[in-house]
Amino acid sequence: MSEAINRKVDRSQMQVSDEVAIEIARMNKWYGTFHVLRDIDLTVQRGERIVIAGPSGSGKSTLIRCINRLEEHQSGKIVVDGTELTSDLKNIDKVRSEVGMVFQHFNLFPHLTILENLTLAPIWVRKTPRKEAEETAMYFLGKVKIPEQAHKYPGQLSGGQQQRVAIARSLCMRPRIMLFDEPTSALDPEMIKEVLDTMIELAEEGMTMLCVTHEMGFAQAVANRVIFMDQGQIVEQNEPYEFFNNPKSERTKLFLSQILGH
Amino acid sequence: MTESSIAFARTEMLPQQEPPLSERGIVKWLHENLFSGWMNSILTLLGLLSVFLIVKRALPWLLYGVWDANSLAECREAVAAMAGPDAHGACWAMIRERWHQFLFGFYPMDQYWRPVLAFALMIVALAPVLYYGLRRINMLMVGIVGVLMVLALIGVGTDAAHLLVAVGVFAAIFAVAAAAPTKLVWVTILFPAVGFFLLWGGSVWGPIGALAGFAIFGAVWSLLQKKLGVVVAAGVGLVVAAMWWLVVQTKVTTVLHEFLPAGLPSVDSDQFGGFLLAFVIGVTAIAASLPLGILLALGRRSDMLLVKTLSVGFIEFIRGVPLITMLFVASLLLQYFLPPQTNFDLILRVIILVTLFASAYIAEVIRGGLAALPRGQYEAADALGLDYWQAQRLIIMPQALKISIPGIVSSFIGLFKDTTLVALVGLADPLQGITKIVRADINWKGIYWEPLIFVGVIFFIVCFSMSRYSMYLERKLKRDHR
């Protein structure tokens, strides 16, 4: 299961500080009458790398999509970097410009070149001068190791390359928190590795990360905390070693036996 | 199974070979396209036969066409003298004599330079829209249109002074196209007022006043946009601009006109006709219905209940009513709803209702394009912190409009052809209005095919160009290299 990660992870920069990055308190969400998220309590310190696991339909994607308000919660409180998420559009835009998000299906803008994909938000949201935005974009394209693709269109890139571009696009906004919504689920096995490598590098630089993923190798190598969700609630959370080797709840044991069993 | 029976290793690679004779060149093409079975062979032969029969009937008619005659009777004599008493021949002489009516209606002859210049400027105004920022093609367009315009101006017998003015205008535009092609947009922005002034004439202050209204709208909008949000600011701006247009403008322009009387002889709307009328209505309605259609499509998908209900109601109402009803509303009813002094021109009223009609259809076409976009595009735009209008303008609309191009252009072509329906409210459209007038002349009584063919060919050229342009645009915007 961990064959995708075959390098040593440098933990020197991975430090969890006392500062609170995200605070979620007694948060509930319904889709119509269906109670998707039930009484979620979660505090994320700056510098944490959290992996959220769980069966499909357990609400893990919905949870991280609530953090930048792609989904609206109906009760409880979400505070991101000191800004509470309410229906106030100014707050929402402020949070969104500081929280990066990477999607399962990349969601690059197909009508723009890679470079334009990367510079769009800095230019229009941050009002960065174009030249500066392009320099930043090339820097991050270099970091995800595809600077030579800058003038191509997303449709010309492989899935793994597209996902790395999507990560670079988020980074161009200089976010303080990154959310990953199953970033490798739509990729071929050989491409999963290149995306995970990029994510590991990001973690090594001390980025606060919340990842919904099925890559348990990544969780063991990088995460400082694993959260297991089922039926819209947090069932168990622990540090990775304890979580995998000594799960407390029956539901977690069943889940782990299913995904690690073969 | 033993291993030896399946083991195989190629020692040399096979070179490429020519395909057999039946699989290449004309033989293959004929076989695949015309004679791929006995049924298709019969259909091919039947098709050839019917083409032959049509050509056999039509060709002599076209070949014996007469250009030099003063009446239908003279035409027939000329044909009879040329090819015997039973022969038929086209009487193009009618077009030679009446072409100006087909093109300009009853526009005063000594003022023909105005519609010609306006038409040439219209094409130049389209250049930056169609080929934004492409220096070479813009220069080429301005140059070719300029030359054609000079020829047309000489053709309609323009006096030297006005010819010089037109050439001067084009020289200036050409210089702009060469120096800064993106600045050509200003021609586009100013064209509605310039075109209106050229076509209808009157005091120069009228169009300037109308433009000032837009400037007022822009100023109010940009002042309030930060504080009140885009939509509310636009609403306030619109109210202020409407106050200017309806209350203040005429007073200001009258005073200005007294100080500095400048303008062109005014031409009444009932003097408009032919393709001049078709283009005035068609082009204005096309240009105005696209932005309106975009707003309606966005309104229909909006979360705001009032906006959504109004958009849906508008679209469904307009689509549920025949265009002819709308035209009658324009010619008869609309006047009742406006303040008593406003003397709203009939052509203007028709343009407004044709625009509303077209925008409902455009809105639905664009909604189709919006629905085809994956949700992820909206989410990615949101997650990056783009606000609603930025996301629409930069991410959603470019893609949705690209998907909708075939549908939008179909609507435009339909709209352009529908301009002939204005015959029903008494305007002289090229197809029915002008043809009827021509036939009312005792000399041309009984002429049917020739005006229809002439008008049809011009409509075809215009519509076919639109269709080809849309295909060019689709190819140019193709980005998914899969």
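## Aromatic pairs and a greasy patch

Over all chains, the structure holds 19 aromatic pairs (rings of Phe, Tyr and Trp, the last by its six-membered ring, pair if their centres lie within 6.5 Å; planes under 30 degrees apart are stacked, over 60 edge-to-face, and the rest tilted). This is a predicted model, where local features need pLDDT of at least 70 and side-chain atom pairs count only at pLDDT 80 or more, while totals for chains, interfaces and linings use all residues. Residues are numbered from 1 along each chain as its sequence is written, chains are lettered from A and ligands numbered from 1 in the order in which they are written, and side-chain values use heavy atoms, leaving out hydrogens and water.

A pair of aromatic rings is described by the distance of the centres and the angle of the planes. Here are two of the pairs:

| Pair | Centre distance | Plane angle | Type |
|---|---|---|---|
| Phe243(A) and Phe244(A) | 5.2 Å | 90 degrees | edge-to-face |
| Trp61(B) and Trp92(B) | 6.0 Å | 70 degrees | edge-to-face |

The Trp61(B)–Trp92(B) pair ties together distant parts of the chain, 31 residues apart: Trp61(B) sits in helix α3 of chain B, and Trp92(B) in the loop between α4 (72-83) and α5 (93-104). Helices here are DSSP runs of H or I with at least four residues, strands are E runs of at least two, and both are numbered from the N terminus.

What about cover? Phe243(A) and Phe244(A) are both buried (under 20% relative accessible area; exposed is over 50%, and partly exposed is in between, with a 1.4 Å probe and protein chains only). Trp61(B) counts as buried because its relative accessibility is 17%, and Trp92(B) is buried too, at 11%. Elsewhere in chain B, Phe119(B), Phe275(B), Phe279(B), Phe416(B) and Phe459(B) make up one aromatic cluster.

Helix α3 of chain B (residues 38-63) also holds Met39(B), which counts as partly exposed because its relative accessibility is 48%. Met39(B) belongs to a nonpolar surface patch with Trp38(B), Ile42(B), Leu43(B), Leu46(B), Leu49(B), Phe52(B) and Leu53(B), together showing about 880 Å² of accessible area.

Notes:
Patch = residues over 30% accessible without salt bridge, like charges linked within 9 Å, V, L, I, M, F, W, Y side chains within 5 Å. Areas by Shrake-Rupley, 256 points an atom, 1.4 Å probe, with all protein chains shown as cover. Salt bridge = Lys/Arg side-chain N within 4 Å of Asp/Glu carboxyl O.
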